[in-house]
Structures are given as C-alpha cells and as structure tokens.
Amino acid sequence: MGNPLDDKRIGFIGAGAMAEALAGALVASGFPKDRLAASDPDPARREVFQTSLGISSSEDNNHAVAESDIVVVAVKPDKVRSILTRLKGDPERPLWISIAAGVTLDRLKAALSASARIVRAMPNTPAQVHAGATGFCPSSTAKEADVEAARALFESVGSVWQAPSEDLLDAVTGVSGSGPAYVFVFIEALADAGVRQGLPRGAAHDLACQTVFGAAKLVIESGMHPAQLKDRVASPGGTTIAGLERLEACGLRGAIFSAVEGATNRSRGLRGPDQPGKGPR
Ligand SMILES: NC(=O)c1ccc[n+]([C@@H]2O[C@H](COP(=O)([O-])OP(=O)(O)OC[C@H]3O[C@@H](n4cnc5c(N)ncnc54)[C@H](OP(=O)(O)O)[C@@H]3O)[C@@H](O)[C@H]2O)c1
C-alpha cells in the first residue's frame, strides 16, 4: 500500500506551535511544500511558515482550505466554532483533522456539517522534536482512507494510538497531552535534588535529562515491563531500593494517579461553548 498522504494537499488553520511541528515534520520527511498551506492572523507566524518552512501562508483561512484534501484545525479551542462557521466552500469535501483540546466531534460536526469527515486528535509538544505521542478518534462518517491519512500525518511526528471511543481522548489528554509537563517537573526536581546533594547545576541538569531520556528509551527498546527494569537495578539493601523506599513513602504513585485524574476531569468537564475562558487551552 502506498503512503496515504501521497497526492494529498494539506492546509493548516492556525500556524502556531503545533501546526509548525506537524508541517515541519512533513517537510523534513520530503512532503512537497507546494502541497502545504497555512493561515494565521499573526504576521510573525506567517513569516515562520513562509520563510523557515517554505510554506505558502495567508491571513485568510479560506487560503488553507481551498484545494486542500486535508484541513488541520490548529487554533485554540475557544476559536474553533467561530472560525469553522465562517469558512466558505463545501464542508463535506476535505477531511478535517482537529487538534483542539476538548472540542468534541459533535461540536465540530455542528460547526461544519453532520456528514463532514472528521478526525479529532490529541498530540503533545514533543511532536516538535519528532517524539510526540498522539491519540485520535475518527467520526463515524470518516472513511478508512481518512483514518490512515490521519495516522500517517501524526506518525510523522511520533507514535500514534487510535482510541476505540472518543471519550477516551480525555484520558489521553491526562496522560500524554499534559504528561510532558509532569515529566518536566520531575526533571527539574531531580536536578534540584542533585544540586542539594552537591552537584554543579549544569551537571545535575544534564544527568537528570539524560536519565529520563535513557530510561524511556530502554523501556521502549527492550520491550520489558518497567517493573522488571526497576527490579534489575534495585539490589538487596542497595542504594536504589533506599531511594525507591523514599519515593513510595512520599506517595509518588498516588501523586501521578491524582495528576492524571485532575487533567482528565478538566478535559471532561470543560465542554463550554466558544467563549473565552470556557474551554481547555
Ligand atoms: N501545544 C500543545 O501541547 C498541544 C497539544 C495538543 C493539542 N493542542 C491544541 O492545538 C491547538 C493549537 O495549539 P498551539 O499550542 O499550536 O497554539 P498556538 O501556538 O497559540 O497556535 C494557534 C495559532 O492560531 C492562530 N489563530 C488565532 N486566531 C486565528 C484565526 N481566526 N484564524 C487562524 N488562526 C488563528 C494564533 O494566532 P494568535 O497568536 O495571533 O492568536 C496562533 O498562531 C490548540 O487547540 C490546542 O488545544 C496543543
């Protein structure tokens, strides 16, 4: 089977950080720039697309939609409805891929058309370095080819999981959408703790970053369960089990369960209309 994005034209409404990550990854993978387009009211963002990525960009959102086979909706959630309802053209023509947090397929359909083909996705910021994790769910109107095109788009910036039901995207937000922030805090705390024990700041930072990166890489590449890898480095009466004892005493696992529950509930609970401050950012 060929690449599902072959011969496709892709437009981005909103040329912000996430659109740049996706468009940049496509360009880096050899996707022809003349089959990409973007729109954004911010001249600085249009300049990034135009000059750094070589992608045609405009202030007019219809520019990103015209002739595009796939339109990626990459604006803040509170702007989605007003932008989509103002577009010209047939909403049933392109495949719509929305990455707006918390904006449901029903709300997207209401703004476009009941029979529009839509994929709702939740990527994360490591997409910017081609190490993203994306969960997505298609509308019932989306075709198999649409699902494969969306999968190929997000695979260009990392790993992809198709959720069997849309409500699970709230938990995806809680785990991988918000997850990078939890890990950033962990890295910062690990480095601070090293400084507390006498390490120079730069060394503590580098050691902490590489430890998180290396541990994740080892889990992924070994295919082993993290508990097995943990058991291997925790020798009886040794240093690692002494550190783990402190982590358990401080409730690390409970803190993580609670963080994911908080972020998931926030994603679930905020289904407000298109009003500033009413939806997830
Ligand atoms: N970043 C993440 O980690 C992440 C993860 C998953 C999902 N998302 C979702 O991805 C979407 C974009 O996030 P982001 O981080 O890329 O945000 P961002 O950097 O703020 O990008 C959004 C862009 O849309 C532009 N915009 C505003 N009004 C517009 C309009 N009427 N027409 C076209 N473009 C318009 C903004 O311009 P101005 O700045 O001038 O308003 C901005 O450049 C959000 O819905 C977010 O929920 C983000």
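Buried means under 20% relative accessible area, exposed means over 50%, and partly exposed lies in between (1.4 Å probe, protein chains only). This is a predicted model, in which local features need pLDDT of at least 70 and side-chain atom pairs count only at pLDDT 80 or more, while totals for chains, interfaces and linings use all residues. Residues are numbered from 1 along each chain as its sequence is written, and side-chain values use heavy atoms, with hydrogens and water left out.

**Figure 1. The whole protein.** The protein has 12 helices and eight strands; helices (H or I, at least four residues) and strands (E, at least two) are DSSP runs, numbered from the N terminus. Its C-alpha trace spans about 70 × 40 × 40 Å along the principal axes. Of its 281 residues, 42% count as buried. The accessible surface comes to about 14,900 Å², and 57% of this belongs to carbon and sulfur atoms; such areas come from the Shrake-Rupley method with a 1.4 Å probe, and for residues only the protein chains shown count as cover. A contact means heavy atoms within 4.5 Å. Among contacts between residues at least 6 apart in sequence, 62% join residues at least 24 apart.

Figure 2. Helix α2 covers residues 43-53, and its buried residues are Arg45, Arg46, Val48, Phe49 and Leu53. These residues lie on the same side of α2, because they cover an arc of only 150 degrees around the axis. The arc is that of the directions from the helix axis to the C-beta atoms. Among the elements that cover the buried residues are α1 (17-28), β2 (36-39) and β3 (56-58). The face turned away from the buried side carries the exposed residues Pro43 and Thr51.

**Figure 3. The two ends of α2.** Just after α2 comes Gly54, with a positive phi of about 75 degrees.

Figure 4. A salt bridge is a side-chain nitrogen of Lys or Arg within 4 Å of a carboxyl oxygen of Asp or Glu. By this rule the count comes to eight salt bridges. In one of them the side chains of Glu20 and Arg45 meet at 2.7 Å, N to O. Glu20 lies in helix α1 and Arg45 in helix α2, so the pair ties together parts that are 25 residues apart in sequence. Glu20 counts as partly exposed because its relative accessibility is 30%, whereas Arg45 is among the buried residues of α2.

Figure 5. In helix α6 (residues 144-155), Arg151 and Glu148 are three residues apart, about one turn of the helix. Their side chains meet in a salt bridge of 3.3 Å, N to O. With 21% relative accessibility, Arg151 counts as partly exposed. In helix α9 (residues 201-222), Lys217 and Glu221 are separated by about one helical turn, because they are four residues apart. The salt bridge between their side chains is 2.9 Å, N to O. Lys217 counts as partly exposed at 39% relative accessibility, and Glu221 counts as exposed at 59%.

**Figure 6. Thr134 in strand β7.** Thr134 lies in strand β7 (residues 132-138). The residue is buried, because its relative accessible area is 6%. Leaving out residues up to four places away in sequence, Thr134 touches Ala121, Met122, Pro123, Phe154, Ser159, Val160 and Trp161.

Figure 7. Most residues other than glycine have a negative phi. Asp7 has a positive phi, near 70 degrees, and is not a glycine. Asp7 is found in the segment before β1 (10-13) and counts as exposed at 66% relative accessibility. His130, also not a glycine, has a positive phi of about 60 degrees. The place of His130 is the loop between β6 (117-122) and β7, and this residue counts as partly exposed at 43% relative accessibility.

**Figure 8. A nonpolar patch on the surface.** Leu247, Leu252 and Ile256 form a nonpolar patch with about 220 Å² of accessible area together. Patches are made of residues with over 30% relative accessible area and no salt bridge; like charges are joined within 9 Å, and nonpolar side chains (Val, Leu, Ile, Met, Phe, Trp, Tyr) within 5 Å. Ile256 lies in helix α12 (residues 252-269) and counts as partly exposed at 44% relative accessibility.
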